[in-house]
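Subject: Structure handover and findings

Dear colleague,

Please find below the structure that I am handing over to you. My notes on it come after the model.

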Amino acid sequence: MAGGGGGGVTPLGPAPPMWYHRDLSRAAAEELLARAGRDGSFLVRDSESVNGAYALCVLFQKHVHTYRILPDDEGFLAVQTSQGVQPKRFKTLPELVSLYLQPNQGLVTTLLYAVDREETAVTDDRDYSDGEDEKPPLPPRSASTSTPPGPETPTESTLAANGLSTISHEYLKGSYALDLEAVKQGASSLPHLNKTLVASCKRLNGEVDKVLSGLEILSKVFDQQSAFMVTKMIQQSVNQGGDQELENLVTKLAILKDLLSSIEKKALKALQDMSLSSPCSPPPFSMRHSKAIPVQAFEVKLDVYLAELTKIGKSQKYTLSVDVEGGRLVVMKKVKDNQEDWTTFTHDKIRQLIKSQRVQNKLGIVFEKEKDKSQRKDFIFASAKKREAFCQLLQLMKNKHSNQDEPDMISIFIGTWNMGSVPSPKSVASWVLCRGLGKTLDEMTVTIPHDLYVFGSQENSVCDREWVESLRAVLKEQTELDYKPIAVQTLWSIKLAVLVKPEHENRISHVGMSSVKTGIANTLGNKGAVGVSFMFNGTSFGFVNCHLTSGNEKIARRNQNYLDILRLLSLGDKQLSSFDISLRFTHLFWLGDLNYRLDMDIQEILNYINRKEFEPLLKVDQLNLEREKNKVFLRFAEEEISFPPTYRYERGSRDTYVWQKQKATGMRTNVPSWCDRILWKSYPETHIVCNSYGCTDDIVTSDHSPVFGTFEVGVTSQFVSKKGLPKSSEQAYIEFESIEAIVKTASRTKFFIEFYSTCLEEFKKSYENDSQSSDNVNFLRVGWSNKQLTTLKPLLSEIEYLQDQHLLLTVKSVDGYESYGECVLALKSMIGSTAQQFHTYLSHRGEETGNIRGSMRVRVPAERMGTRERLYEWISVDQDETSGPKGKSTMVSRVGHEYVKQSVVRKQLGELGKVNEEGEKNCKEENAARSKQDTPDGESSIGKNSFNNPAYYILEGVPHPSAAELLSSPTSPTAPPVKAPPPSAGARTKPPPAASGPAHSRRTVVAGHPARGVSEESSSEDDGGGATLAGAQGGGIGGTVGSTLNRPPPDFPPPPLPKGALETAAAEAQLSKPRSLYPDLAEVRIPPAGPAGPLVMGDGFRRGAAGALDDQSCSVLQMAKTLSESEFPGQPPRAPSAPPPVRAPTIGILDACRTFPPRNPIPESIAEDMPEEALWGSSSSSLSVGESSVGEWLQRLGLERYEQGLLHNGWDDLEFLSDITEEDLEEAGVLDPAHKQILLESLRQQQQQK
């Protein structure tokens, strides 16, 4: 906390005042002030940009102005002033605020109304469901919390430093005078100082003895002379003490120095002598490879066309035999009289594997023939699992016989298990082999060792050393490899252990560890998280294992646990402090007992489980629901769940769920739930595939079942240029033409952008934005032209290097240097001679805080264009098939989840037919690429992230893809409708597969990776208003952003609408005259180009009522958040028939959203100045503002006391009030029956007058 201090007067005074909100986020502060709604409302919060500083936030004329309060060297506080203005200094915050309660002190307005923090009572955080209701467990006795100690882990050295400080202080305070007196009397020694040094170095003495004892063994083997000296010194040190002890320590340190510097040379000479005089001995066990993989045979059928089938007579049976060790594939065909015709292909003759998306067990293999000719054969496997096993074996064979020194791809096992505070059974082989229920590996591949094993455990009572050794023993038994532990991090009984293959040990670097407590009052470690991060060659990894608050009803507490962990876990590159951990790593995996439950009656749950019908349960899974609302795990992905709930089983069995428990407080119900989960988030345009996700069914010691997941992950090597550092003529450049961002804030400060990347020598900054406008008090549109954006020069210029790099952007305020949103861009799709467009979302502290788009290019000189195919690019997806898969696809895109790359604008907008045809094509390709997530029939499901939100299309004017799904394009009006995908329960969609072709030329269209994004609390904390005492009042609105960024490119293909909206529209189309979603140009009125076209929606947006969109937080993100919580009933929104020449037209959401009101309105209408031309449709649209306001109407009835409640609940316009019910009035605070009757009668009369 910023207000924390040592002794003396604290900056907060005797007690923190109520207007001080501690570490409240900027967005939350703006919401509180907007709710207060009065000019002069204020609060103080901690600053994000400066540790120990504060931010004074003041509301004036609907804008929030933020002033920085900075401490000086003497600890005094002062409001930051303009240059030349003398600051006024104060000892405490209350003194400072009391001055500005007086008028004319230099602020934009006098501080009038303090907005107090909401004091929440200390909740009973006892864990009834997990048996923790008596008292939390004590931390384990194990002293070791991490192996090896991380940079921030308190170790004994820290204690030693503190001890030395104390001893030295005592000497200088007391014994120093005695030594001084002895010297005056002619003494030649300092006995008290010697005694102090001996005491200070006591621990060092012991450590040196330990090191020397260890080196003694090596010395006896390689250096007999040194070994004799070491042994002699150790024997002498046992009996030595007193005055000679310090001298002895110095002597031992000298010997240790000489020994360490010489032993390696002597050991090398000894081994060279041994190698010449004796035959080669077998390598140590830890250096051996894993046991040989036997030849595996797959029975398949050749897939042929009907015309060919008539010639052959029947489908042909083949056997494909994979010899991983020998690097061969044998294709054997059975012919007449039991004869066999076989062909052998070496690993280098297998050009490509092509997976079918439509037929999940079909695979195309491209073989190389003579004279650079190739042949493709399609085979049908017995099952999709067999096909995946075959692909994994061939990839392993390719990797094993590759001439590359470093791997392109590794396999990762991730497991999570709540052990229930009892030791594990003797064997957990089923866990590490992924055997059990759900999506499991084929038996042919379960014994293939993974490169990394990550074990997360909760309620683990086993000490660290014993737990790690037991895991290593299991792995050695199954793989015959001695896995090396690279990190073990512990918080009480929450443990995270990472083990790596011996061959990869030297590829691991920059290991970091951290932990966060979220138990009672965030001080106990019975709940919380541990994290480990490291680099694998050039790829960064992060792993988080957490145990969140339990209890069916404690959803909000779990959400807050997640946000606290995201913000406080200290992992990864410290230079990326502006980014939370979800953006610091190429791949971040989050696992653990998340404790989210099922919101359904217990008997219904048990019935569904007995019938193995998990779909209805996933629809009421709290984690899925919270992700759909953007509350947690923004843009994380999760594999489809196809296994039963892993909690709460009867111990000793997996046949019975124990869902009732008698407690002192009464009977507690713990419904079966998927508490134990594995999620991940990866950078865009990276390769990651989840090959398994399930749970064991034979480990029964705990009331939780262990959960496992395996991942195929692309990695990059530490690139070394073969051509050396680039000359000036061979330098690659990253150039930006323009950038535009829409930031969620009520402030009006100026902004700049910071660029971070491992391919840059240091981070770079842009100049401040040169255009700024606002259609809405809660959002700010800012833009940077080319002259404001710096050109970036990568360290290396090879395309092979650059296509693996990513650029991190953060939008910061000029005055406060606080981040308002961060994002990540992949350079791969930006490489080329022409500028490419990008569009992605900004987030901060886990909440979506805006979006950003622009135009950029990565220019690579021709001399540096050479590249190679990655191993994971060797497998592609058949792009000719456009139908959705029948089963769940196992291919996941190489592209990331939150990134949309808009490819170059090849033609000017205006040719509607071509635009729609291309959009339809892209939508079809995207849908074909999507894997089944929650739909039982395997069709593509829709991810409910912001890209699927109709609100996005309102702001951006992008044609919605519903036309491509529901109706044909205008060029072919008679084409049959395409069947829409059904709605997903959890919307856990996987990204589309990677397109084939050269990486540098491919232009992959990216869809939302997981289905649910989250929104944390928006906390782009800001010294955002950017105001200073010189009278600055937030900054004016500049010119508008260039029109080029407001035109969506013709091939931008947003995902389709959910099934509900499409089916409803299709049904209406059958009952009434069909209406094209892309009307003719003559039917549409395009709004004139303007500097800030208002955000407009179609038919009413409130509970079925037609009325003006009197937005209360009517920003795109608020509507996006609101709409993402609904199922989008009704018709899909119309798209414009032709894009405008300057600004994209605003379009309506029509009936698709009319039943869902915004949830958190802020009084500000953006429809008042709306031109009639901006409305789609006829004059029947009721997007006009009523003649009188709600406040005037209530004042006329003498009931103005209810105005605030109605406005707060979204009833801010008379047009919307026509459908209000008694229940709605009660929610708004109208409890008096007589008053309710007066209000309803008045509304009925007004309706009749119309």
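Predicted model: local features only at pLDDT ≥ 70, side-chain atom pairs only at ≥ 80, totals over all residues.

Residues are numbered from 1 along each chain as its sequence is written, and side-chain values use heavy atoms, with hydrogens and water left out.

Overall composition

The protein chain holds 26 helices and 38 strands; these are DSSP runs numbered from the N terminus, with H or I over at least four residues for helices and E over at least two for strands. Of its 1250 residues, 56% are buried, where buried means under 20% relative accessible area, exposed over 50% and partly exposed in between, with a 1.4 Å probe and protein chains only. Among contacts (heavy atoms within 4.5 Å) between residues at least 6 apart in sequence, 73% join residues at least 24 apart.

Strand β14 and its partners

Nine of the ten residues of strand β14 (residues 409–418) are buried. Strands count as paired if DSSP finds at least two bridges between them. β14 runs antiparallel to β27 (residues 707–714), with eight bridges joining them, and it is parallel to β16 (residues 452–458), with seven bridges. Isoleucine 414 has glycine 709 as its bridge partner in β27 and stands opposite valine 454 in β16.

The loop between β15 (437–439) and β16 contains threonine 445. Is this residue buried or exposed? Threonine 445 counts as buried because its relative accessibility is 3%. Beyond its neighbours within four places in sequence, threonine 445 is in contact with Ala389, Gln392 and Leu393.

Nonpolar cores

A nonpolar core is a set of buried Ala, Val, Leu, Ile, Met, Phe, Trp, Tyr and Cys residues joined through side-chain atoms within 4.5 Å. The largest one has 51 residues, and those touching the most other members are Ile412, Ile414, Phe534, Phe541, Phe543, Phe589 and Phe711. Helix α13 (residues 602–610) supplies the largest share of this core, five residues. Another core lies apart from it and has 35 residues, among them Trp784, Leu792, Met830 and Val858. Leaving out residues up to four places away in sequence, phenylalanine 543 touches residues including Ile412, Ile414, Val454, Phe534 and Phe589.

β19 pairs with β20 (residues 528–536) in the antiparallel sense over eight bridges, and serine 515 stands opposite valine 530 in β20.

Helix α13

The buried residues of α13 are Ile602, Ile605, Leu606, Tyr608 and Ile609. They lie on the same side of α13 because they cover an arc of only 160° around the axis, taken from the directions from the helix axis to the C-beta atoms. These buried residues pack against α14 (615–618). After α13 comes lysine 612, with a positive phi near 55°.

With kind regards
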